[in-house]
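Work through the exercises below with the model open. Each task is followed by a stepwise solution.

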Amino acid sequence: MRSVRPRRDLALVATACGLSTLGTTAAFLAMVLHLREAGAGWVTALLLAEISPVILMAPVAGAIVDRLEARAVLIWASAGQAVVSVALSLVDAPAAVVGLVALLGAQAAVERPAAAVLVPHITGEDGATRGYARLGTGRALGGIIGPAVGGFAGAAGGTRAALLLNAASFLVLAIAMTTVGARRRPHREAAPAGGGRGFARAGFRVVLGDPVLRFAIPLTALAAGIALADNVAAPYRFTDDLGAGPIGFGVYEALYSVCELVGIQVFALEAGRGREEGLLGAGNLMLGLGVLGIGLAATYPLALAAAVVGGVGNGMSNAGEGAVIRRCTPEATRGRAFAASGSLIQAASVAGAAAGAPAVAALGPAATMVVSGALASAVASAGVVVALRRTRETAVTDHLVHDEAR
């Protein structure tokens with residue numbers, strides 16, 4: 001069912017995504033500050049509890065989204081996040097905190113593909129690319145504001161109050177989502193080979209079986225994972241090597257986030273006419289070149305200039321993932337495809353971050369960023385070459401069809 005008020009409905013769904021990201025990241029950071037005295041092992045467990053659900057739950061989350069009505073999934077996910085936020089405000093035991101954060105991550109793992117599959121039903125297929133840009137903007141803003149909220153609450157000792165406010169916002173949002181007019185009904189499709197297990201794994205088969213997605217998504221995951229060593233090396237690179245200090249590093253983080261938002265808008269303006277795959281590859285390439293440039297920069301201003309390139313590329317990549325999946329995936333399996341893609345990208349990102357610490361210890365921050373940026377750029381370049389070749393083949397085919405029609 002199409003929305004009769006697409007702008008309003010899209011704003012509500014984008015706000016839901018932004019608040020979900022804000023609430024999850026704020027709760028996570030507040031809980032990190034809460035558990036730091038319990039020891040590094042509990043902090044590590046908390047990190048795994050936040051990120052593991054997106055990786056491990058991909059088949060289940062995708063199957064849930066494709067078997068249930070998408071708007072209802074979003075409503076129940078928001079309501080569930082409200083309940084978990086209240087529970088987090090009431091517990092102190094490290095094991096209980098870790099378990100509840102894992103539950104919050106599980107709900108986010110379902111919310112993301114549910115929102116993604118609903119977008120074309122709000123905007124129509126022709127407007128879906130811009131819709132995904134709005135969704136990406138909401139998530140990016142949530143990712144920027146969430147850590148600040150969580151850090152401020154933890155430092156001020158107001159963690160419980162912040163979590164209760166977080167719960168209230170989720171509850172209000174769940175109620176507001178009931179007014180969204182768009183529906184994405186589950187499809188009556190035959191169960192694939194393997195029964196329920198085969199149904200759940202269909203997303204990975206769709207991603208790896210499509211001639212575009214089998215290159216675009218794994219290459220995006222590899223580029224993101226390789227470049228994520230930047231998150232480990234950047235603090236040392238800016239504060240120590242370039243002498244920028246904590247304030248200079250904060251400026252870099254803020255500038256990167258702003259440029260990420262710009263990149264999302266650039267993708268929305270330039271996408272269309274089958275160009276999404278090329279723009280996704282270009283974004284991945286810019287991300288890698290940005291990391292490489294920071295590693296090579298001799299001065300702080302040059303490093304900031306490289307950060308602009310990387311931030312814009314990161315935003316383009318984030319917006320491009322959803323648009324490419326939407327264009328290449330059958331409507332009936334989009335929930336599982338979005339979940340599978342998120343799982344692959346998140347797993348690669350975790351692997352890249354885990355490799356960052358030993359790389360910095362062995363090579364130093366500058367060399368780590370040069371190596372990771374160069375590898376990410378090389379991987380992304382392969383994606384750009386494939387995308388350009390497909391674009392030319394499509395253009396030739398369209399030209400021949402047009403000539404035959406004449």
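A cavity is a set of points on a 1 Å grid over the protein atoms alone where a 1.4 Å probe fits but cannot get out; lining residues have an atom within 4 Å of a point. Points are joined across faces, edges and corners, and a volume is the space filled by probe spheres set on the points. The model is predicted: local features need pLDDT of at least 70, side-chain atom pairs pLDDT 80 or more, while totals for chains, interfaces and linings use all residues. Numbering runs from 1 along each chain as its sequence is written, and side-chain values use heavy atoms, without hydrogens and water.

**Exercise 1.** Find the volume and lining of the second largest cavity.

Step 1. The volume is about 40 Å³.
Step 2. The lining consists of Ala 16, Ser 20, Leu 74, Ser 78, Gln 81, Glu 111, Phe 170 and Leu 173.
Step 3. Helices (DSSP runs of H or I, at least four residues) H1 (6-35), H4 (70-90) and H7 (159-177) each give two or more of these residues.
Step 4. H4 gives the most, three.

**Exercise 2.** Is Arg 326 buried or exposed?

Step 1. Buried means under 20% relative accessible area, exposed over 50% (1.4 Å probe, protein chains only).
Step 2. Arg 326 has 12%, so this residue is buried.
Step 3. Arg 326 sits in helix H14 (residues 300-328).

Terms used
1 Å grid on protein atoms, 1.4 Å probe; cavity = no way out; pocket = protein on both sides within 12 Å on 5 of 7 lines; lining within 4 Å.
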